[in-house]
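Hi,

Here is the structure I promised to send over.

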Amino acid sequence: METDIADNICMELQLLLASTKIHFIRGYFQDFKFDEYEAVKKCYPHGYHGVDRYGRPLYIERIGSVDLNTLLRVTTVDRYIKNHISEQEKTLNLRYAACSLAARKYIASTTSILDVKGVGTSNFSKPARELFTEIQKIDSTYYPETLHRLYIVNAGSGFRVLWKAISAFLDARTRLKIQVLGNQYQSKLLEAVDPSNLPDFLGGSCTCSEYGGCLLKDKGPWTDPEINNILQEYFSRGEKFADYEESDSKIGVDGFQQEVQTGDVAEQVAQKILELEDCLVDTKELIETLLSKQQKLTDHIEQLKKLTSV
Ligand SMILES: [Zn+2]
């Protein structure tokens, strides 16, 4: 009951924050179209697929099946990274908010599965290492604490050698969230994910055959029309709020977009967003502390009542 209240307040804050952020992000990425999306997915199978048992988005990457030569032919490292950032923003502002609404719980982290079948030191080439390192840098700098758990599956002896080197660079907190599993991983994954949300190639029952495979569909609460309608309502409120802020500071929409290109306003907005996110985390902690204090007080009152009634 108490966590329900904390979850509801945090969800409201999350939706409010997302509704203001989405407006700025639309401006920032308005000219970026990742037309090579399907071609990239074919040579680098990865994507969001449903939710875990708690309701967090599930992200799956089959890094062992990546065809790096084709990948670098259909896109560039720069464009891939830009796409990665826009996907991360979508998770932060759309997927988490949709998952929170669907589960009626505050959700702000992802469960990930990395299939490393066939990955070893020999096929982890320099460009692959560079891309991997760059993405890790972005994620740990700009999206910390969004990883709930990472299950690395199909880890063979080659990968384990590589893992020793990679994990040395991870902080202890992150390392604790990661489980490296061999080919007997199914029961571990099914503890965390319902079979209907887990693709068949990982031991679940989903095939998404009508979409050509599980990693092409982006299935999840964020594509549910009913949830999207509720979110749209929030987002349109955010636009009104953002327009008001701009006119107040004498920067029109056009002016704002020009400023974004120079990076000045974008930086200020990014700073503001970070502050708001910190505030959200602080608020959740404060609410939890207050609720636990309230419970202690209630218990204490009950004990006192019993004493006086004797
Ligand atoms: Zn599927």
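T110 has its bridge partner in β4, namely L147. Strands here are DSSP runs of E, at least two residues long, and helices are runs of H or I, at least four, all numbered from the N terminus. Strands count as paired if DSSP finds at least two bridges between them.

Before going on, a word on the source. This is a predicted model, where local features need pLDDT of at least 70, side-chain atom pairs count only at pLDDT 80 or more, and totals for chains, interfaces and linings use all residues. Numbering starts from 1 along each chain as its sequence is written.

On its other pairing, β4 meets β5 in the parallel sense over three bridges, and there Y151 has Q179 as its bridge partner in β5. Taken together, five strands make an open sheet with mixed pairing, ordered β1-β2-β3-β4-β5. β1 (46-51) and β5 (178-180) are the edge strands, each pairing on one side only. From one strand to the next the twist averages 20 degrees; angles run from 0 to 180 degrees between N-to-C directions, with axes fitted to C-alpha atoms (for helices, over the stretch in contact).

Now the helices. α4 (residues 77-103) lies across β1, β2 (57-61) and β3, at about 130 degrees to β2. Its axis also comes within 11 Å of that of α5 (residues 126-142), crossing at roughly 30 degrees.

Which residues make the contact? From α4 they are V77, I81, H84 and I85, and from α5 L131, E134, I135 and I138, with contact meaning C-beta atoms, placed from the backbone, within 7 Å. They divide into six nonpolar, one polar and one charged; Ala, Val, Leu, Ile, Met, Phe, Trp, Tyr, Cys and Pro count as nonpolar, Asp, Glu, Lys and Arg as charged, and the others, Gly among them, as polar.

As for confidence, the chain has a mean pLDDT of 80, with 82% of its residues at 70 or more (pLDDT is the predictor's confidence in each residue, from 0 to 100). Over residues 241-262 pLDDT stays under 50.

Cheers

Technical notes:
Contact = placed C-beta atoms within 7 Å.
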